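Subject: Structure for you to look at

Hello,

I am handing over the structure below. My notes on its aromatic rings follow it.

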Amino acid sequence: MTLMTPPPLDQEDDEMLVPHSDLVVEGPQPMEVVPAETGNAAEVQSDETPSARFTWTIDNFTRVNTKKLYSEIFYVGGYKWRALIFPKGNNVDHLSMYLDVADSSTLPYGWSRHAQFNLAVINQVHNKFTIRKDTQHQFNARESDWGFTSFMPLSELYDPSRGFLVNDTVIIEADVAVRRVVDYFSHDSKKETGYVGLKNQGATCYMNSLLQTLYHIPYFRKAVYHMPTTENDMPSGSIPLALQSLFYKLQYSDCSVATKELTKSFGWDTYDSFMQHDVQELNRVLCEKLEDKMKGTVVEGTIQQLFEGHHMNYIECINVDYKSTRKESFYDLQLDVKGCKDVYSSFDKYVEVERLEGDNKYHAEQYGLQDAKKGVLFLDFPPVLQLQLKRFEYDFMRDTMVKINDRYEFPLQLDLDRDNGKYLSPEADKSVRNLYTLHSVLVHSGGVHGGHYYAYIRPTLSDQWYKFDDERVTKEDTRKALEEQFGGEEELPQTNPGFNNSPFKFTKYSNAYMLVYIRESDKDKILCNIEEKDIAEHLRVRLKKEQEEKEQKRKEKSEAHLYTVIKVARDEDIRMQIGRDIFFDLVDHDKVRHFRIQKQMPFSMFKDEVAKEFGIPVQFQRFWLWAKRQNHTYRPNRPLTPQEEAQSVGQVREVSNKANNAELKLFLDVELGQGVQPIPPSPKTKEEILLFFKLYDSFKEELRYVGRHFVKASEKPADILTKLNELAGYAPDEEIELFEEIKFEPNVMCEHIDRKLTFRSSQLEDGDIICFQKPHVESSQPCRYPDVPSFLEYVHNRQVVRFRSLEKPKEDEFCLELSKLHTYDDVVERVAHHLGVNEQSKIRLTSHNCYSQQPKPQPTKYRGVDHLVDMLVHYNQTSDILYYEVLDIPLPELQGLKTLKVAFHHATKDEVAVHIIRLPKQSTVGDVINDLRTKVELSHPTAEIRLLEVFYHKIYKVFPLNEKIENINDQYWTLRAEEIPEEEKNIGPHDRLIHVYHFMKDTAQNQAQQVQNFGDPFFLVIHEGETLAEVKLRIQKKLQLQDEEFSKWKFAFLSLGRPEYLQDSDIVGSRFQRNVYGAWEQYLGLEHADSAPKRSYAANQNRHTFEKPVKIYN
């Protein structure tokens, strides 16, 4: 069965999938999703069961050639779910796996459901090596799937020796527990708790949790209020004023507060706001900024007084009398979580004494190398102690950041004088009692590359805790703030005892990340009272005015049903706008004078308001109603009747527009007599038509409005030529051409008017627009758009495009004015001309992703789009950015070639050269080798070369010379070329050619991966009866290693990923079986440390990734 299903949007995160948000992705497209040959089983008795396990068996896994694969639907908690995988990775070299709401597209507006779940790939050889990852998520229409983009490396999944792929079958499990959904919309935080929350700008929950914590330290808040600011400062340009404003609103507002002014004062653009940063980093940067801004003011030194402590680093020799000390200050302490059960264990580790001895002796002045002890002790702790828990660590084995979700306890009261002050230096002031009370717990929920922050705070240190989760503030008990934030594992209760025997265990992805303690002896000072007089007068006035304006807007909104907004357009507005802001139709109604009038007011009284505003007495006013025509133009339709003008404003509005009764649009028609004075309007007859006139100058390429005029339906255009020449300022007998502007969407329609026909015969009516011009005559002066239709066509389709080099995708390099109707060839020709490139076919363009603000992953193919507009449209948005490259060969030629990146390993020199090989797609591996021979230095002219496929430091394939290159994938796999050693060409009947790989034990993982491969793998000929000692000599010579380093290496025979260590006397060849499936399943392993520098492997990521640290620019 083939399903046409809108897929989720592709993601770029590495661990937790931030939901399929339009900010990141290439957008939804219908895609063929083939369920392959799969078997499914859900251990569930009822559709309503709140938790269940679903098992999905995928047969013929390596033959699945679709990008995404959905499981069958299963039910948990009365809801439909399904698993979703990307067998070849979601733009990463890992298996990507998510839980998806199966019927999200058909659910009612505003639906939401919460689930805690884990996803697993079963290890079918050793179940204990099964890889399982847990998370939780509030699913909704915007985030209808959630999971892990980098679930496990593809190299492990597709390696049969690992045990995940057995008989070409993979088994997926999903444990799902549905939780009660909280109604966020009906909750009034101020009413329920007395506190208000902060609005999230996109990914600013990390900032909101920190700001709430700082706000609830009253001494800090008071200091912020006392920072000098003036009434001339703007919050968006002053961090002190923006923070004062924010704190004032948190103190006095009844609803959640926005943080946009504050982030603007940081100098952040929208892109910064939508990047989730690090709380610790923001805390430090913000405090440093405030400390700097407080210098020279009455509150100078506040940050130090609150948060600064000192410790002493010391090194003390054991055998001689020598000690070196260095005093350092800190604003927060970073405590280890891994390997520590609680805060006290972390402090024990912090002050742990390190012995410097053996190879690591300390060089003491005058005494030379000495045995010594090294450590840290505290001189003093601050009144407000900020503890940053190291939940995120760099895993050197996996070369990536990981989150530590281990259980880690922290007490309500923290005694840092315990055990006779073991954390304190002998120089510390022992009269200060370092007993602290917990004030705030900042929590991170999620994985290493995404998640959510919120805070538990008890503002007065009472037993009542409050949870500050962006806009929502709730009362919580101590258990929620403490025990539930320790981390570790949670076991869900069995819902069907006896039916499903394995309990659901979930790692708690929500856990404490930062703790704030207040010293008992400083409690009264820190939790001081804040009075209105603490807030500067100008600040109170400004913020009260803002509050009043906000209240006025709220009042207007609540009373909106009692009022009508009337938008009055006049001749002056049309004259101002045509040819500048707009070219089509007559006026932009948003830019004309608005009146907010009570619906009950008589229309005659509204005319009095107009008379006051424009200085036009009531008797000279005539109002026309506007109407939207079927061709989507908007024109004056008819004047109001005396009967309508006798009604109320609300009644007139309903006459105007029954469908949209929010506003009333009018055209104020004022007749001018001699001396340009207004005169009373004469009654309009049925014979009269009100026409509007625009004048076009083809040499200036200028269109302007010249006025309106009543004509008789029986008249002909020839009868008003003198009047039109007068409006244009031309001679009375000037020859002119007339055109009717009919419509402009989706295409421009502007037709010539026959001067011999009457206006009635030309089907002209009230509100129609006539454009006129002098006839075009050929002259020496060039004229791009000789008549009105060609000019309007140009205006309608013109598009200024910002071009950026693909190598610098954040910088506009140049702009070109193009037409949306330009063909592919037109566009590249203009770009090539601007860049001075002779061959336009060497220009390659790439479109812009409006959501991620990045270039799209795939460039535009040669003539792959018809027009410029096709390059700029991205789903329902239009961009004005294109990226360009200048190629070394024409694009059509490049597209006919297969480009391969081949790493050539020199036979005698320790060097690797990467070559780009371009050959016709029908070429073979033999052709690649022949091309390579012309580019590389060989050890001798007749040397033979082979091409290997290397993946994660293992050799998976030696390519036959006749294999076609069209299907070779070098995106994830490394193509390696090397000379074939002479010894391999003369293998005896009893010799073996074996794989040799470097490896080290992976102590960080107790899952499927027991060993970690690295470095360059190679082949080695093993002779019959050869011992390990003999083989080692040949390996040492081949790798050119010194005895001292090589002596530390261990040697093992590895089968299915498990090492069996060898002795020098062991016969190596006897360990290797013949005819095994995949020679890489058995190899000789060289165990040693990886001395190569770590680097990020981004070859298979999207072409452009950017990540910025927290910076406050002002």
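A helix here is a DSSP run of at least four residues, and helices are numbered from the N terminus. By that rule, Phe-603 and Phe-606 both fall in helix α16, which covers residues 603-614; because they are three residues apart there, about one helical turn separates them. Please keep in mind that the model is predicted.

The rings of Phe-603 and Phe-606 form a tilted aromatic pair, with 5.3 Å from centre to centre and 55° between the planes. Both residues are buried.

Phe-603 also pairs with Phe-623. The ring centres of Phe-603 and Phe-623 are 5.7 Å apart and the planes stand at 90°, so this pair is edge-to-face. What does the pair tie together? Phe-603 belongs to helix α16 and Phe-623 to strand β33 (residues 622-628), so the contact ties together parts that are 20 residues apart in sequence. Buried means under 20% relative accessible area. Phe-603 has a value of 0%, so Phe-603 is buried. Phe-623 also has 0% and is therefore buried.

Elsewhere, the structure holds 46 aromatic pairs. One aromatic cluster is formed by Phe-330, Phe-347, Tyr-350, Phe-378, Phe-381 and Tyr-423.

Two arginines sit over rings:

- Arg-570 has its charged end over the ring of Phe-614, 3.9 Å from the ring centre.
- Arg-113 lies over the face of Trp-81, and the distance to the ring centre is 5.4 Å.

Regards

Notes. Residues numbered from 1 in each chain as written. Predicted model: local features only at pLDDT ≥ 70, side-chain atom pairs only at ≥ 80, totals over all residues. Heavy atoms only, no water. Phe/Tyr/Trp six-rings, centres within 6.5 Å; stacked < 30°, edge-to-face > 60°. Helix = DSSP H or I, 4+ residues; strand = E, 2+ residues; numbered from the N terminus. Buried < 20%, exposed > 50% of the residue type's maximum accessible area, 1.4 Å probe, protein only. Lys NZ or Arg CZ within 6 Å of the ring centre and 35° of its normal.
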